Amino acid sequence: MTLPKSEHRKLSIYNSLTKEKELFTPLVPEFVGMYVCGPTVYNYVHLGNCRTFLSFDLIYRYLKHLGYKVRYVRNITDAGHLENDADSGEDRIAKKARIEAIEPMEVVQRYTVDFHEIMSAFNALPPDIEPTATGHIIEQIQIIEKILGAGYAYEKNGSVYFDVIKFNEDQQYGKLSGRKIEDMIANTRELAAQSEKKNPQDFALWKKAEPQHIMRWPSPWGDGFPGWHLECTAMSTKYLGETFDIHGGGMDLKFPHHECEIAQAEACNKTTPVRYWMHANMLTLNGKKMAKSTGNNILPRELFSGNNAIMSQPIRPAVAKFFMYQAHYRSILDFSDQAILASEKGYQRLMEAMNKLESIEDSDSSDYAIGPWVDSCYAAMNDDFNSPILIAQLFEAAKWINNLSEGGAKITLDDLVLLRTTMCGLVYDVLGLPKEMEGQNNGQQQLDAAVNLLIDLRNQARANKDFATSDAIRDRLQEAGIQLKDGKEGTSFSLR
Ligand SMILES: [Zn+2]
């Protein structure tokens with residue numbers, strides 16, 4: 001793979017912490033550490049979650065494309081995520097296990113496999129490390145001990161809570177979400193008397209397991225399980241260090257999850273954990289929030305198979321992904337039948353141009369300024385991964401490719417090579433769109449040609465009154481699953 005020119009490596013990232021676009025400079029030159037909060041595997045992955053993971057797939061792919069050596073860590077939450085983000089309710093995985101009468105690890109396995117299958121259907125790259133919460137209980141206990149030692153946590157009846165008020169006296173709590181502790185206190189309705197917590201803002205680092213709780217581990221405070229926010233601090237520190245470059249997740253994780261991660265890491269390591277916080281925006285469906293309870297919801301598998309009441313036809317994963325990239329990752333995107341069908345047309349146009357690109361011949365002059373076009377493609381991606389602007393540039397090039405292929409324009413060999421490398425790099429490596437169209441079309445065309453040849457031979461045999469041969473051709477095709485149909489317009493075929 002040829003690396004982009006050095007002037008194409010000036011990447012700006014919108015940092016959710018400073019609320020500004022900042023020039024990206026990794027902590028260690030040429031290396032990038034990136035952590036993204038992965039799924040809680042208690043249900044089939046949501047299309048909205050897929051958008052978040054596909055946004056970070058684009059980011060991961062682009063960083064690699066720029067030549068960085070990226071370590072991408074994305075966790076699997078397989079314990080500790082309660083029904084209510086604020087430390088109450090049942091564990092989501094344990095609840096599902098109880099309802100379906102199976103082991104919690106069966107729940108975890110089923111939905112982890114589903115998640116991987118869906119991500120692979122979208123042609124998303126797997127992360128470099130995919131750690132699980134249950135695989136890092138010891139690390140989580142060690143962090144709690146450090147936070148207790150620093151005086152920012154307290155134990156109560158076998159549970160350990162983070163003391164937000166105490167932490168806020170020394171360091172600022174709420175800097176990522178912009179929430180002020182005074183407002184949080186004023187707005188809270190939770191009665192202190194009903195809780196073990198000193199203050200309602202405090203959050204659990206360790207929860208005591210009640211006798212009926214299946215998912216439990218021994219700890220210095222008795223049998224229990226870790227609080228949800230803790231696993232990400234434990235696993236990001238372990239694999240990326242106390243300070244690392246990029247931490248990402250869905251917008252909904254900013255508070256309380258990421259705010260708590262910052263507080264835990266600062267209390268434990270006395271240093272700020274993340275240099276660039278990135279948040280992907282949500283996906284709506286027909287203008288409304290996706291929710292299972294209202295039926296305004298569609299699973300990726302239902303989208304691909306067409307087995308749903310919302311879309312008029314099955315949508316290929318590559319088209320759904322292309323559609324998502326036609327919006328910037330920080331904008332809300334609305335999924336609708338009309339919008340995605342329009343996007344599919346654009347996708348076809350782009351892929352047809354990619355196929356034509358291979359057979360274009362060079363000439364002694366160029367009608368198009370390829371160099372400046374390449375600059376604008378990188379300028380788009382370097383402006384906080386602006387994929388919609390990039391796609392607009394790719395459509396411009398698709399127009400040129402069509403003209404060139406019809407002989408209506410000329411291009412020099414140097415420009416042609418530059419156009420091909422840039423198009424292939426951006427379409428296949430960065431957007432991660434599969435090279436599927438040409439192969440599929442070729443397969444269909446080859447089948448058509450072969451069966452039509454057999455139909456011709458059968459017609460000849462019939463004309464010669466060689467019915468043994470003509471019947472044999474029909475029967476052998478039928479055995480192979482190909483049905484011939486004789487009609488007024490001649491013979492056609494269908495696959496059984
Ligand atoms: Zn997380």
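Two conventions first. Residues are numbered from 1 along each chain, as its sequence is written. Since the model is predicted, local features need pLDDT of at least 70 and side-chain atom pairs count only at pLDDT 80 or more, while totals for chains, interfaces and linings use all residues.

Overall figures, then. The protein has 16 helices and 17 strands; helices (H or I, at least four residues) and strands (E, at least two) are DSSP runs, numbered from the N terminus. The C-alpha trace spans about 95 × 60 × 35 Å along its principal axes. Of the 496 residues, 39% are buried. Buried means 20 or more other C-beta atoms within 10 Å of the residue's own, exposed means 12 or fewer, and partly exposed is in between, with C-beta atoms placed from the backbone. Among contacts with a separation of 6 or more, 72% join residues 24 or more positions apart; a contact here is two C-beta atoms, placed from the backbone, within 7 Å.

Now α8, residues 254-269. How many of its residues are buried? The count is 12 of 16, so the helix is mostly covered by the definition just given. The buried ones include P256, H258, I262 and C268.

Next, the packing of α8 against α4, residues 137-149. Two packed helices are described by the angle between their axes and the distance between the axes. Here the axes come within 8 Å and cross at roughly 70°. Axes are lines fitted to C-alpha atoms, for helices over the stretch in contact, and angles run from 0 to 180 degrees between N-to-C directions. Which residues make the contact? On α4 they are I143, K146 and I147, and on α8 they are Q264, A267 and C268. By class, the contact has 4 nonpolar residues, 1 polar and 1 charged. Nonpolar covers Ala, Val, Leu, Ile, Met, Phe, Trp, Tyr, Cys and Pro; charged covers Asp, Glu, Lys and Arg; the others, Gly among them, are polar.

On to two loop residues. Most residues other than glycine have a negative phi, and most peptide bonds are trans. N157 has a positive phi, near 50°, and lies in the loop between β7 (153-156) and β8 (159-162). Is N157 buried or exposed? N157 counts as exposed because it has 8 C-beta neighbours inside 10 Å. D384 has a positive phi of about 55° and sits in the loop between α12 (370-382) and α13 (387-405). With 19 other C-beta atoms within 10 Å, D384 is partly exposed.

Last, a sheet. Three strands form an open sheet in the order β14-β13-β15, with mixed pairing; strands pair if DSSP finds at least two bridges between them. The edge strands, each pairing on one side only, are β14 (288-289) and β15 (333-335). Strand β13 (residues 283-285) runs antiparallel to β14, and 2 bridges join them. T284 has K289 of β14 as its bridge partner.
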